[in-house]
Amino acid sequence: MFRSKNRNLIIKIFLILTAILSIIYLYNYFDISEKISQENLEIYLKKFGYWLPFAYLGIFIGAMLLNLPCSVFLITAGTIFGPLWGTFWGIIGCVIASTLIFLMARKVEYKSIKEKFGDKWATFDKRVEENGFLYITLIRAVPVFSFAMISYASAVT
């Protein structure tokens, strides 16, 4: 059994290193650094015209539904739209994505989670019901949990 765990660990490390080296190789082979320049990005984004904020929102919401880190998209919004409009579109994207995640989780997962965890879940659910604002505020303050996962967890409590 001990050998099996070591072998699995070695395989995981090997796969991670292979993926990292592959990304570095592809980055250099396709010379991505020259293709992703400010001028090329501006030319590409100008093609969207007035639809750029909506394209950004679609990509941002899709990424959050897939549980990708939203901080990257918030920084991107500030870079593309500037600090004021970037903040505006970032907040709009967060609200829409969080609402969709909340509604999806509420409709789909509540019963299955309740059945799976039983009494433990009932205790946690009762505590959140009593001090929900405090729980959510504290969880949002900790950068360990992703935005999408917090919305998902909020829906099933």
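Student: How many aromatic pairs does the count come to?
Tutor: This is a predicted model. Rings of Phe, Tyr and Trp pair if their centres lie within 6.5 Å. By this rule the count comes to 10 aromatic pairs.

Student: Are the rings of Phe88 and Trp89 stacked or edge-to-face?
Tutor: A pair of aromatic rings is described by the distance of the centres and the angle of the planes. The centres of the Phe88 and Trp89 rings are 5.0 Å apart. Planes over 60 degrees apart count as edge-to-face. The planes here stand at 75 degrees, so the pair is edge-to-face.

Student: Which residue is buried, and which is partly exposed: Phe88 or Trp89?
Tutor: Buried means under 20% relative accessible area, and partly exposed lies between that and over 50%. Phe88 has 38% relative accessibility, so Phe88 is partly exposed. Trp89 has 14%, so the buried residue is Trp89.

Student: Which residues do ring pairs link into a cluster?
Tutor: Phe88 and Trp89 both belong to the cluster. Ring pairs link them with others.

Student: How many disulfides does the count come to?
Tutor: A disulfide is a covalent bond between the sulfur atoms of two cysteines. The cut-off is a pair of sulfur atoms within 2.5 Å. The closest cysteine sulfur to that of Cys70 is in Cys94, at 4.9 Å, so this is too far for a bond. Cys94 is in no disulfide either. The count comes to 0 disulfides.

Student: Are Cys70 and Cys94 buried or exposed?
Tutor: The limit for buried is under 20% relative accessible area. Cys70 has 12%. Cys94 has 11%. Therefore Cys70 is buried, and Cys94 is buried.

Student: What pattern does the protein follow along the sequence?
Tutor: The protein has 9 helices and 0 strands. Read along the sequence, the pattern is α-α-α-α-α-α-α-α-α.

Student: Why is the protein more spread out than a compact globule?
Tutor: The globule rule gives 15 Å for 157 residues. The C-alpha atoms fill a box of roughly 55 × 50 × 25 Å along the principal axes.

Student: How much of the protein do buried residues make up?
Tutor: Buried means under 20% relative accessible area. The protein has 157 residues. Of these, the buried residues make up 22%.

Student: Which residues make the nonpolar surface patch?
Tutor: The patch covers about 670 Å². One of its residues, Ile16, is found in helix H1, residues 2-29. Ile16 has a relative accessible area of 52%, so Ile16 is exposed. The patch is made by Leu9, Ile13, Ile16, Leu17, Ile20, Leu21 and Ile24.

Student: What is the phi of Asn67?
Tutor: Asn67 lies in the loop between helix H4 (52-65) and helix H5 (70-81). Asn67 is partly exposed, at 33% relative accessibility. Most residues other than glycine have a negative phi. Asn67 has a positive phi, near 65 degrees.

Student: What separation do the C-alpha atoms of Thr76 and Glu39 have?
Tutor: Thr76 lies in helix H5. Thr76 is partly exposed, at 29% relative accessibility. Thr76 and Glu39 are 37 residues apart along the chain. Their C-alpha atoms are separated by 16 Å.

Definitions and conventions: Residues are numbered from 1 along each chain as its sequence is written. This is a predicted model: local features need pLDDT of at least 70, side-chain atom pairs count only at pLDDT 80 or more; totals for chains, interfaces and linings use all residues. Side-chain values use heavy atoms; hydrogens and water are left out. Patches are made of residues with over 30% relative accessible area and no salt bridge: like charges are joined within 9 Å, nonpolar side chains (Val, Leu, Ile, Met, Phe, Trp, Tyr) within 5 Å. Accessible areas come from the Shrake-Rupley method with a 1.4 Å probe; for residues, only the protein chains shown count as cover. A salt bridge is a side-chain nitrogen of Lys or Arg within 4 Å of a carboxyl oxygen of Asp or Glu. Helices (H or I, at least four residues) and strands (E, at least two) are DSSP runs, numbered from the N terminus. Buried means under 20% relative accessible area, exposed over 50%, partly exposed in between (1.4 Å probe, protein chains only). Rings of Phe, Tyr and Trp (its six-membered ring) pair if their centres lie within 6.5 Å; planes under 30 degrees apart count as stacked, over 60 as edge-to-face and the rest as tilted. The radius of gyration is taken over C-alpha atoms; the globule rule is 2.2 Å times the number of residues to the power 0.38.
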